[in-house]
Amino acid sequence: MLSKLSVEELIEQIKLNKISAEEVTNHFVEKTALVDPKIKSCISTVFVKGGDGILKGIPFMVKDNMEVTGTKTTCASKILENYVSPYTAMAVQKLLDAGGVVIAKTNMDEFAMGASTEYSNFFTTKNPWDLQRVPGGSSGGSASAVASGMVPFALGSDTGGSIRQPASFCGIVGYKPTYGLVSRYGLVAFASSLDQIGPLTKNVRDAALIGNIIMGKDQKDSTTVEKQMNLLKEIEDPIEGFKLAIPKEFTKGLSDSVKNVLNDAIDNFKKMGVKVDEVSIPSLKYAVAVYYIIAPAEASSNLSRYDGIRYGLSFDGESVDDIYTKTKDEGFGREVKRRIMLGTFTLSATYYDAYFDKAQKVRAKIVHEIKQVFNSYDAIIGPTTPSVAFKIGQLSSPLEYYLQDIYTIPANLAGLPAISLPMGKVDGLPIGLQIMASRFEDEKLLRIGRNYEISRGKFPLPEVIL
Amino acid sequence: MKTIIGLEIHAQLLTETKAFCACKIDVNAKPNTNICPVCTGQPGALPVLNEKVVEFAIMAGLAVNCEIHETSSFDRKNYFYPDLPKGYQITQYFHPIATNGYLNLESGKRVRIRRIHIEEDAGKMIHSSENITESKTSLIDFNRCGVPLIEIVTEPDMNKSEEAKEFMEKLRDILRTLDVCSGNMEEGALRCDANVSVIDDDGRSSSRVEVKNINSFRYVQYAIDYEIERISKVLRDGKDVKHETRGWDFVTRTTVSLRSKEEENDYRYFPEPDLPILKVSKSQIENIKLNLPELPDQKAERYMKAYNLAKDNANIISKDKIISSYFEKLVSLKIDPKDSSNWIVNDLIALFNADSIDFNADKVPIESLKTLIEYTNSGKISRLSAKEVLGEIYKSGRNPEDIIKERNLIQVSDKNSLVPAIKKVIENNQSVVEQYKKGKTSVVGFLVGNVMKETKGKADPKVVGELVKKILDGEIV
């Protein structure tokens, strides 16, 4: 069954002439047509073919906050419901150039603000493991599409955990590269100092394969850096003698069932000759608070441009202010408005020092403390999420949603590479292991992840009953 | 009463492309043709700093004696307006590239410069009525959006509107010499906002009032004078001067309130996450310093020393590099520097000023002026004729020799050909000759004038004068 194959396996099948590139593409287009009505991963189905390369014929989906020329890029928002991209995001372009075919733009929380896709202005995507549950978010459309076999891989974006948390909930691999490794050009900005594009895949090797293609210095994104890396080259070299740290702050208050799964993972590492120690990173307890000051502040500025003047939703009004008010009031959803207001407040002259400036300082402290850990350890591990996927409509307060990202946020604040990969099931639902490494140690990160993946054994994909 | 004036000046930089994208800068382009995803604020587009902008800002900073910072950074200034596509302007708020400079005025007074920072221009709006609130329709041209600016902020060191005007002119001359800004205020390439406050004789100080939209050098003076007068009157009436922003209206020649302090935007400045810290090396700064052109003040100094020019002439010639290079070429063609400066300042520049156009070397080729000066100095044509010829060259660009020939302007200084004409004039003016003989020698001028008429102005008046005396005195028979 092609839908279960990884990107590497599909490339191999095409290479061996067992199937043609076109047949591969068509298979997944048909599969999407069958499965998507159940899961609702896609906002729009498209067909954008690329060049000739290693990915020739391999279909993929793109989170709907990345520009692809001629396609609608809605960010799951009413304000951009009819916005058609005039250009293509660099990461997507690189995949197209490698031969990949975009077959859909995927659902997400509006402007990537959320952890379940429930904040999509259009619909909520379902978790392929249990259709009553959320797929996680904000890249929930991309994660569910990969988990349910609609595509072998998809692109997501991760500002506070938006690739890793849905990967954890859907039982797949989600990789957030080091900040600056993948161009953000064409990724609709949520919080520019935290946003990073990354792949959602079925295994760690595929994450490395896609990572290799999309990474690299981009003249159009000044925050990218030149780094020579090959994520696949030494990915299966043994990790005996490595040292991993588990911060106390990541295990405090975990349920016994999640703890058990985590202990199994730790045992696996130990069997490979890896040392696992408990450490403490005290400032991590401020990570969520810092994040919810910095991210909304940047967002309040980034989202100013949706004003109804040049593109997107626009209402006529009595005055310019009236046009702005009507457009933004009608165009933005509740959570987006909440964060714009929060960010506008913390940046205001009166409160800048007390909030934004202080948050920047605490952020620097978190970065420093994490760096100290990397002086003695190769990576930091822990659960990706405190619990498995929750039921649609289950969470009621914004704070409950915000705490979804408690373990994933630190990697964004410090610009670290991080990956989530399945480590087991709790109550029949998958939960992810998160690994974080030092900045630009993506090779080491994926090598640890791949070794764990092999030691764990194959993790099943959910069966979607049509 | 004392007036305190500080200026905030915006100068558009003459780079080929915009500050944060590769769009061309062309003021003559059709609206919305030089635009891209970056400068129209499309979702997902990112700014990339144009290195030329940094170089120009450093040049300007060095030229006005600023300290250039090896590390500076960009920030976002957030506000909503239709000509600002991103909803924020990229600027340098917390850490500007240059600080602590100064310019000296003619009087010797020093005006300190607080800071110079890099930022981007907004788009241009055209309203169907007076302003955006009264207009049914407004059009936006994004061609100007993202054009690089430097903002130059002075300390409140000026006390007279004349000083503010002089500062602006001096700054313009420097920026033009550096070739980093056209300096044209009417076209908005150089803009000036003035902060004015007044302290009355009882020591009562007014609030600071900001005057915007001053769009010419003359208006710098007018607008500030108007504002000083307005504030003084409010103080005299015993009322409070509002801390506000006012706009200069050049039609009514008054300032009108734009917004009060309470209506000011909270710009919510914060570091621009899309651009890395701006770093320039010491050697880069040194290199720019070494390659700075000679600035107007240095040039004037040199002219006074090397050529003995009068200060006024030296200043006028050195403040415009087109004029100074014209002058230097003329001198290199072996024309006396003082002569050269007199001709350029008194005659040539006057022609351009009369038409209110910029000095342009093509209108009067250097070779033509050289010829003209040589003809005059050798006495072949009179100073008056020379002025006439210069006017004609300026108008038509024709060769001076042709004009002189055509108009028959060569002076007659040959005695033999002048004597008959003089004798004729003496014969016709016997009563005047009588007066001369009685000792009234001043009548020679009258006779010379008549000879000039008789010769249709071609005679050399100096030679005629000598001959008239000699004939009357009987030295020539």
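Trainee: Which residue stands opposite A:Lys176 in strand 10 of chain A?
Mentor: This is a predicted model, in which local features need pLDDT of at least 70 and side-chain atom pairs count only at pLDDT 80 or more, while totals for chains, interfaces and linings use all residues. Residues are numbered from 1 along each chain as its sequence is written, and chains are lettered from A and ligands numbered from 1 in the order in which they are written. Strand 5 (residues 173-176) and strand 10 (residues 418-426) of chain A pair in the antiparallel sense over three bridges; strands (E, at least two residues) and helices (H or I, at least four) are DSSP runs numbered from the N terminus, and two strands pair if DSSP finds at least two bridges between them. In strand 10 of chain A, the residue opposite A:Lys176 is A:Ala418.

Trainee: Which are the edge strands of the open sheet in chain A?
Mentor: Eleven strands of chain A form this sheet, with mixed pairing, in the order 1-3-2-4-6-5-10-11-9-7-8. The edge strands each pair on one side only, and they are strand 1 (42-49) and strand 8 (275-279).

Trainee: At what angle does helix 6 of chain A run to strand 6 of chain A?
Mentor: Helix 6 (residues 204-214) of chain A lies across strand 4 (153-158), strand 5, strand 6 (196-201) and strand 10 of chain A. Axes are lines fitted to C-alpha atoms, for helices over the stretch in contact, and angles run from 0 to 180 degrees between N-to-C directions. Relative to strand 6 of chain A, the helix runs at about 145 degrees.

Trainee: How many of the residues of helix 6 of chain A are buried?
Mentor: A residue is buried if 20 or more other C-beta atoms, placed from the backbone, lie within 10 Å of its own. Those that qualify include A:Val204, A:Leu209 and A:Ile214. Helix 6 of chain A is largely enclosed by the rest of the structure, because the buried residues number ten of the eleven.

Trainee: Are helix 8 and helix 10 of chain A roughly parallel or roughly perpendicular to each other?
Mentor: The axes of helix 8 (residues 287-302) and helix 10 (residues 334-347) of chain A come within 7 Å and cross at roughly 100 degrees. Angles under 35 degrees count as roughly parallel and 65 to 115 as roughly perpendicular. The two helices of chain A are therefore roughly perpendicular.

Trainee: How many residues of chain A are in contact with chain B?
Mentor: Two residues are in contact if their C-beta atoms, placed from the backbone, lie within 7 Å. Chain B contributes 26 residues, and their partners in chain A number 35.

Key. Angles under 35 degrees count as roughly parallel, over 145 as roughly antiparallel, 65 to 115 as roughly perpendicular and the rest as oblique. A residue is buried if 20 or more other C-beta atoms lie within 10 Å of its own, exposed if 12 or fewer, and partly exposed in between; C-beta atoms are placed from the backbone.
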